[in-house]
Amino acid sequence: MEQREILRLSAYISKCIDDVVPRVNVRTFPSQKPWVNGDVRAKLRARSSAYSSGDLEALRKSRYDLRKTIRDAKRAYRDKLESNYPRHMWCVLRSITDYKGRNSSDAQPAVSLPDELNTFYVRFEASNTIPIARLAEEQDDCTLSLCMADMRRAFKRVNPRKSAGTQLVRMGNLSSSALTLSTGAPQGCVLSPLLYALFTHDCVATRSSNAFLKFADDTTILGLICNNDETAYRE
C-alpha cells in the first residue's frame, strides 16, 4: 500500500512539473562554446550568406561584425560567471589548488631540479643488489612459451647501431645534463613489448577474485570487492 502511495505522489509531482515548468528545446553541438548566443549565431549566418553571394565588401563587413559580437558575447559570459560566482571564490580556489599564472615568479623551478629528475628517471641504470624472488607457478597454463621463428624475426629487425641513447630533462628554459643509457630498449623497438612481457611475467594475481590484463606496456588490475572488503584486491 505504501508503494502505491509513493508512486501516486510521484506521478502527481511529475504532472505539476509538466504543467508549471516550461520546456524549451535547445539544440547544442559538441564544439559549441558556452558564450555562443543567438546574436553570434545570427552573425555566423550573415557571414555565410555574404560568402555565398561573393560580395567582398559585405563579407568584410560581416566578419567585422562577427568579431565584435564574439567579443561582446565573451564579455557578457564572463560578467555572468563573476556575478554568479564572486571573485573571492576564485581566489579561494586558486589558493586551494596552488594555481600560479604564467607570469608568476614562483613558476620557475629550481636550477637543480632537472638534474635531480633526470637522475631519478635513470635510477635503474645503477646496479641492483636486491635479490630477485620468483613466484612459484601453481598453474601450468601460466607458462610463457616463445616461438624460435618469432624471436629470430624480431632480432633481425633490431638495429645494433642504435643504442638506448641519451636522456635529459627540460623544464621551461632549464635543461639537465645528458646521461647515456646503457640499458633498456630504444623507443619504437619491436622487442620492447616482448621484453616487457618477459619482465612482468611473474606479476600474477594471488587471489581468484583478481585478474591482471596486460597489453604491450599497459597493465590493468581488476578486482572483485564484496561487502566493502578490499583485502584481496590490495594484495
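1. Let's begin with the overall build. The chain holds eight helices and six strands. Please keep in mind as you look around that this is a predicted model.

2. Along the sequence, the elements come in the order α-α-α-α-α-α-β-β-β-β-α-β-β-α.

3. How much of the chain is buried? Of its 235 residues, 11% count as buried. The accessible surface of the chain comes to about 20,500 Å², and carbon and sulfur atoms account for 55% of that surface.

4. Contacts tell you how the chain meets itself. Take the contacts between residues at least 6 apart in sequence: 47% of these join residues at least 24 apart.

5. You will find V36 in the loop between α1 (2–20) and α2 (38–53). Is V36 buried or exposed? The relative accessible area of V36 is 18%, and the cut-off for buried is under 20%, so V36 counts as buried.

6. In sequence, V36 and T69 are 33 residues apart. In space, their C-alpha atoms are 9.7 Å apart.

7. Which residues make the nonpolar surface patch of about 610 Å²? They are L9, Y12, I13, I17, V20 and V21.

8. Finally, move along to the loop between β6 (218–223) and α8 (231–234), where N227 is found. Phi of N227 is near 55°, which is a positive value in a residue other than glycine. N227 is exposed, with a relative accessible area of 79%.

9. N228 lies in the loop between β6 and α8 as well. Phi of N228 is near 60°, again a positive value in a residue other than glycine. What about its exposure? N228 has 76% relative accessibility, and the cut-off for exposed is over 50%, so N228 counts as exposed.

Conventions:
Residues numbered from 1 in each chain as written. Predicted model: local features only at pLDDT ≥ 70, side-chain atom pairs only at ≥ 80, totals over all residues. Heavy atoms only, no water. Helix = DSSP H or I, 4+ residues; strand = E, 2+ residues; numbered from the N terminus. Buried < 20%, exposed > 50% of the residue type's maximum accessible area, 1.4 Å probe, protein only. Patch = residues over 30% accessible without salt bridge, like charges linked within 9 Å, V, L, I, M, F, W, Y side chains within 5 Å. Areas by Shrake-Rupley, 256 points an atom, 1.4 Å probe, with all protein chains shown as cover. Salt bridge = Lys/Arg side-chain N within 4 Å of Asp/Glu carboxyl O. Contact = heavy atoms within 4.5 Å.
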